There are 2 protein chains.
Amino acid sequence: MTNTTLKLLAQQLQLSISTVSRALKDHPDISAATKAKVHALANSLDYEPNAYAIQLRTQSSKIFGVIVPAISNLFYDSFIAAVEEESRKNGYALMILQSSNQPDIELDNLKIFRQNRVSGVFACLSANAENLETYQKMTEKEIPVVFFDIVPKDNKFTKVRMADERCAIIAAEEIIKRNAKKVLAIFGDTGLSISQKRKNAFQNFMETYAPKVHCTYVNASSSAEAEELFRKQYSKAQKPDTVFAMTDEVLIGVMKAVQALEIKVPSQLGVIGISNGFIPNLYHPKISYVETSGYELGKLAFVQMMANMKGGKTLTELTVEVKFVPGESM
Amino acid sequence: MTNTTLKLLAQQLQLSISTVSRALKDHPDISAATKAKVHALANSLDYEPNAYAIQLRTQSSKIFGVIVPAISNLFYDSFIAAVEEESRKNGYALMILQSSNQPDIELDNLKIFRQNRVSGVFACLSANAENLETYQKMTEKEIPVVFFDIVPKDNKFTKVRMADERCAIIAAEEIIKRNAKKVLAIFGDTGLSISQKRKNAFQNFMETYAPKVHCTYVNASSSAEAEELFRKQYSKAQKPDTVFAMTDEVLIGVMKAVQALEIKVPSQLGVIGISNGFIPNLYHPKISYVETSGYELGKLAFVQMMANMKGGKTLTELTVEVKFVPGESM
DNA sequence: AATTTTTTCGCAATCGTTTGAAATTTTCAA
DNA sequence: TTGAAAATTTCAAACGATTGCGAAAAAATT
């Protein structure tokens, strides 16, 4: 079964292709009568405009590219969900690729995006990305790029991200409120700038506003490592009375140990994390957390993308607001 | 900055477009000398073939469409990850859309796929989908469709899914091994055929091989409902000694109650679920589960897709094998 | 009835690439 | 030197849609 094309419709109706084309898009030049006829036939033959032909002709695709380290990730998937939602509303489709945190795959993916002449790219840098040059070229070719979450330092790019420092500070505030005496703060992989930012902000705040609270700072790059670190710290004579988990991954590790050691939360140990909320609500009592919503970030990223598309070069760095969501763990 | 095209290269090199085109793809007709020249210029001007033009000309896109109820889902995201991985290896990109379980959105998305002339579609039906006609049309237009997970009954379609009955039976076997006396089995939404299948298989097996075990069967369509149901059953005089959770969603609800009520697992209560493994491993002790891997399903779906593409109409229903993964909850 | 205006439609070029077939050049044996 | 075969390269027609501009037909004006 061959696809219905304008040509086919034109032949059957004894009209020219251009007339059919115009009729289909309600062009004022065309009489109501012919419009009706054209629409009728188009429907019965269920005509679907060929997106490639359109894009070739108009030099603009209705597709955005999204590149993330991994789709199966509690944070990115909600980001993607949000972007997809907005895109759909605006008549765009999404092409999603994962970099697996490998710079060469990231480059491959970017090539696919360029070859498909996507209208724009939402990009989350892979861990050790040094390929900013490629992104630079894309923006030069007028393919807007909106970075999210893991963004380049260079501020000639458009970026949206969580208010990382605020997250850490809000957590610190809550910890101080709780009147903690000994805090164990576990951050993510040392290689990620986000870990550094959060750690610095947290440490600064604590040292300034609660200098007498004893804090221990460690880094864990996996749940297992986080669990191990927690167990070690908790086996010491002076146990921490509060633990701060910078990511869901860390929190998962901590909570494994907490459950295994049958530590009472919050009486024996206060727990606070930074999360989109899914993991903290898995436990009883619910873990208190500072909310970083991938969903909200997605919405924001989309706004930025649209702004960029409309000619305006908005080279700003926006952050989405974060808030404390009390559970019963503090 | 305008995009480099074959025409541009041809002009600069004083060659015809066809020569340039052929040189770029190493056609034997072209002399080594010109090939070298062409490649050199193409590189320095970083030429990127225009995917639209190619697809228009060749009538074949290197894009697959994927449609899922929701991307942010522990099962689907790993499915997508697998399909994406395989697609990339084979030079395909993915266009991913979510139906949000709404049939009309699903139809919209299918339209986008058709307009983009995707090479094939991986589809998970939305809950109350009655739009099989549309899928039917697509296969008639030679766009292969591989259904996964939630698949149509009609067996003129290609489908891959988990071995749902096997899942339930394996779980039942383990429960019998454990010597359970009173079992609470919580299944998913009644509307989903998968719930029915699993329930029937489970119930059958239990009644056949362990008729004296007392089983209670209930359905929950959310974590909260599962939690509530569990609490109710557990507050009865004769408490269940084993609980079976058909999905992660159910398991999450159950475990909330278990933690809240401080029920000892496995001494007071055995727990077994069906899952891809992420959720069960969040708890201590680790929950035993029958593994249904979205990842494996994705791989299988891709194989089926490729088989379908190569002309062969493989209208079969394949299932991916499942296995029991012992935790410490039984 | 002749002319102007308005409606309605068609021509033809274009987007960037592929590809069968024809045209050109080179090679080489007779 | 010549002619045929082989090696290169070019021509030109697609693919399916959009769109400026001009043409024909219908309606309105004089």
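Predicted model: local features only at pLDDT ≥ 70, side-chain atom pairs only at ≥ 80, totals over all residues.

1. H4(B) contributes the most to the surface near DNA strand C, namely five residues, and by class the surface holds ten nonpolar, eleven polar and five charged residues.

2. DNA strand D likewise has 26 residues around it, of which Thr5(A), Ser18(A), Ala53(A), Ser18(B) and Asp29(B) come nearest. At least two residues each are supplied here by helix H1 (6–13), helix H2 (17–24) and helix H4 (51–58) of chain A, and by helix H2 (17–24) and helix H4 (51–58) of chain B. For DNA strand D the largest share, five residues, comes from H4(A), and the surface divides into ten nonpolar, eleven polar and five charged residues.

3. How are the two protein chains related? Chain B is superposed on chain A by a rotation of 180° with 0.1 Å of shift along its axis, at an RMSD of 0.2 Å. That is the relation of a two-fold axis. The same surface serves both copies, since 100% of the contact residues of chain B recur in chain A.

4. Where the chains meet, 39 residues of chain B are in contact with 39 residues of chain A. On the chain B side, the elements giving two or more residues are H4, helix H5 (76–89), strand E2 (93–98), helix H6 (103–115) and helix H11 (248–260). E2(B) provides the largest share of that side, six residues, and by class the side of chain B that touches chain A has 20 nonpolar, ten polar and nine charged residues.

5. Strand E2 (residues 93–98) deserves a look in chain A too, where six of its six residues are buried, so the strand is largely enclosed by the rest of the structure. Both faces of E2(A) are covered: Ala93(A), Met95(A) and Leu97(A) are buried on one side, and Leu94(A), Ile96(A) and Gln98(A) are buried on the other. E2(A) runs parallel to strand E1 (residues 63–68) of chain A, to which it is joined by six bridges, and in this pairing Val66(A) stands opposite Ile96(A).

6. Chain A also contains an open sheet of six strands with mixed pairing, in the order E7-E6-E8-E9-E10-E12. Its edge strands are strand E7 (214–219) and strand E12 (323–325), each of which pairs on one side only. Neighbouring strands of this sheet are turned by 20° against each other on average, direction ignored. Strand E6 (residues 182–187) of chain A and E7(A) run parallel and are joined by six bridges, with Ala185(A) standing opposite Tyr217(A) in E7(A). Helix H10 (residues 223–234) of chain A packs on the sheet, where it touches E6, E7 and strand E8 (242–245), and its direction makes about 165° with that of E6(A).

7. In chain B, the open sheet of six strands is ordered E7-E6-E8-E9-E10-E12, again with mixed pairing. Strand E7 (214–219) and strand E12 (323–325) of chain B stand at the edges with a single partner strand each, so one side of each is left without a neighbour in the sheet. Strand E6 (residues 182–187) and strand E8 (residues 242–245) of chain B pair in the parallel sense over four bridges, and Val243(B) in E8(B) is the bridge partner of Leu184(B).

8. Is Tyr283(B) buried or exposed? It counts as buried because it has 24 C-beta neighbours inside 10 Å, the threshold for that class being 20 or more. Leaving aside neighbours within four places in sequence, Tyr283(B) is in contact with Gln259(A) and Met255(B). Met255(B) is 28 residues away from Tyr283(B) in sequence, with a C-alpha to C-alpha distance of 8.5 Å.

Methods
Residues numbered from 1 in each chain as written. Chains lettered and ligands numbered in written order. Buried ≥ 20, exposed ≤ 12 C-beta atoms within 10 Å, placed from the backbone. Contact = placed C-beta atoms within 7 Å. Pairing = 2+ DSSP bridges. Least-squares fit on C-alpha atoms with pLDDT ≥ 70 in both. Near = placed C-beta within 6 Å. Nonpolar A, V, L, I, M, F, W, Y, C, P; charged D, E, K, R; others polar. Axes fitted to C-alpha atoms, helices over the stretch in contact; angles between N-to-C directions.
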